[in-house]
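This report goes through selected parts of a predicted model. The sequence and structure come before the discussion.

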Amino acid sequence: MAEPILVTKSLSRSFGPLKAVDGVSLNIRQGSMTGLIGPNGAGKSTLFNLLTGALKPDAGTVRLEGEDVTGLAPNRLFARGLGRTFQIPRPFARMSVLENVMLAPMGQVGETISGPFLFRNRMKTEEHRIRAKALEVLDFVTLGALADHPAGQISGGQMKLLELARVLMGDPAVILLDEPAAGVNPVLAKTLIGKIEELNRQGTTFVIIEHDMDFVMRHCDPVIALAGGRVIFEGTSEDALANPVLLDAYLGAPGDV
Ligand code: ADP
Ligand code: MG
């Protein structure tokens, strides 16, 4: 069996006295579409923040493709093939859709400049390359026609597609999606899910936080459930639905699911 692409060991993070993520050990299988579920406040987003370097863990480790990446900054992790989208996308509203995608940190520009004379040409070549790639990923996510629109004027669903496009600029091996379908109109949600499936078939590994059990049932295997910062379940979606411990966790939680 292939080594899991993303591995955590006893990952923990507290906010004051609150243990938001409490000793989480995970093995994310290469090529999987792993669902991460759990009631509000379970620690799902905090776990994503630990995985992507947005937060540093108090304890525990993260390994990506066999290498210890614990505590690396988000742009370093992005450069190593770990991409994530946010629960609430925040594009630069006045910039165009294309410019927003071109701004995705690819890690190369300006980092390996060899001298003042080469600088301008090099930057130009880089910009051409980035623009071409940005147009390509925008086409892939079906936003090609909106390339020149201000990003602040596109719909919520289109913003999620824009987020995916930004992530794809990094050629990620693993993509973490925080509630990709939430608040997205059904037509765009279908487009988005179709693109996720296409990428998954091509080998991209996904970890998806999603409240919509219908979505999880249909697309995710395995399913991992968090509650109170701990893993309380790992198994197939069918088993998740039939699991009384999970039911308790949801019913016992404040807020909706
Ligand atoms: P989920 O995404 O599963 O809803 P979160 O990871 O957002 O859960 O939050 C887990 C717990 O940690 C919650 O009780 C939340 O209030 C708390 N929390 C999250 N981020 C912070 C923060 N930056 N500062 C203080 N508490 C936080
Ligand atoms: Mg969350």
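Val-167 is buried: its relative accessible area is 3%, which falls under the 20% cut-off. The residue belongs to helix H5, residues 156-168. Leaving out residues up to four places away in sequence, Val-167 touches Phe-78, Gly-83, Arg-84, Thr-85, Pro-172 and Ile-175.

A comparison of sequence and space can be made with Thr-142. Between Val-167 and Thr-142 there are 25 residues in sequence numbering terms, and the C-alpha to C-alpha distance is 15 Å.

## Helix H5 as a whole

How many of the 13 residues of H5 are buried? The count is 10, so the helix is largely enclosed by the rest of the structure. The buried residues are Gly-157, Met-159, Lys-160, Leu-161, Leu-162, Glu-163, Leu-164, Ala-165, Val-167 and Leu-168. Lys-160 and Glu-163 are thus both on the buried list, and both count as charged by class.

## Asn-100 in helix H3

Asn-100 is found in helix H3, residues 97-102. With a relative accessible area of 1%, Asn-100 is buried.

Not counting residues up to four places away in sequence, Asn-100 touches Pro-91, Phe-92, Met-95, Ala-151, Leu-162 and Arg-166.

Which residues are around ligand 1? They are Phe-15, Leu-18, Ala-20, Pro-39, Asn-40, Gly-41, Ala-42, Gly-43, Lys-44, Ser-45 and Thr-46. By class, this shell has five nonpolar, five polar and one charged residues.

Backbone atoms of the protein lie close to oxygen atoms of the ligand in several places. A polar backbone atom of Ala-42 is 3.2 Å from an oxygen atom of ligand 1. For Gly-43, a backbone N or O atom is 3.0 Å from a ligand oxygen atom, and for Ser-45 the corresponding distance is 2.9 Å. Ligand 1 taken alone exposes 560 Å², and the protein buries 57% of that. Strand S2 (18-28) and helix H1 (44-51) are the elements that give two or more residues to the shell. H1 supplies the largest share, three residues.

## Helix H1

Seven of the eight residues of H1 are buried, so this helix is largely enclosed by the rest of the structure. The buried residues are Lys-44, Thr-46, Leu-47, Phe-48, Asn-49, Leu-50 and Leu-51.

After H1 comes Gly-53, whose phi is positive, near 85°.

## Leu-72 in a loop

Leu-72 has its place in the loop between strand S5 (67-68) and helix H2 (74-79). Is Leu-72 buried or exposed? At 17% relative accessibility, Leu-72 counts as buried, because buried means under 20%.

Setting aside neighbours within four places in sequence, Leu-72 is in contact with Gly-53, Leu-77 and Arg-80. Gly-53 is the residue with positive phi that follows H1. Leu-72 and Asp-139 are 67 residues apart in sequence, and their C-alpha atoms are 31 Å apart in space.

## Backbone geometry

Ser-10, with phi of about 45°, is placed in strand S1, residues 6-15. At 44% relative accessibility, Ser-10 counts as partly exposed. Glu-179 has a phi of about 50° and is found in the loop between strand S7 (174-178) and helix H6 (186-201). Glu-179 counts as buried, at 10% relative accessibility.

The peptide bond from Asp-221 to Pro-222 is cis, with omega near 0°. Pro-222 is found in the loop between helix H7 (213-219) and strand S9 (223-227).

Technical notes: Residues numbered from 1 in each chain as written. Chains lettered and ligands numbered in written order. Predicted model: local features only at pLDDT ≥ 70, side-chain atom pairs only at ≥ 80, totals over all residues. Heavy atoms only, no water. Helix = DSSP H or I, 4+ residues; strand = E, 2+ residues; numbered from the N terminus. Buried < 20%, exposed > 50% of the residue type's maximum accessible area, 1.4 Å probe, protein only. Contact = heavy atoms within 4.5 Å. Near = heavy atom within 4 Å. Polar contact = N/O pair within 3.5 Å; in protein donor to acceptor, adjacent residues only side chain to side chain. Areas by Shrake-Rupley, 256 points an atom, 1.4 Å probe, with all protein chains shown as cover.
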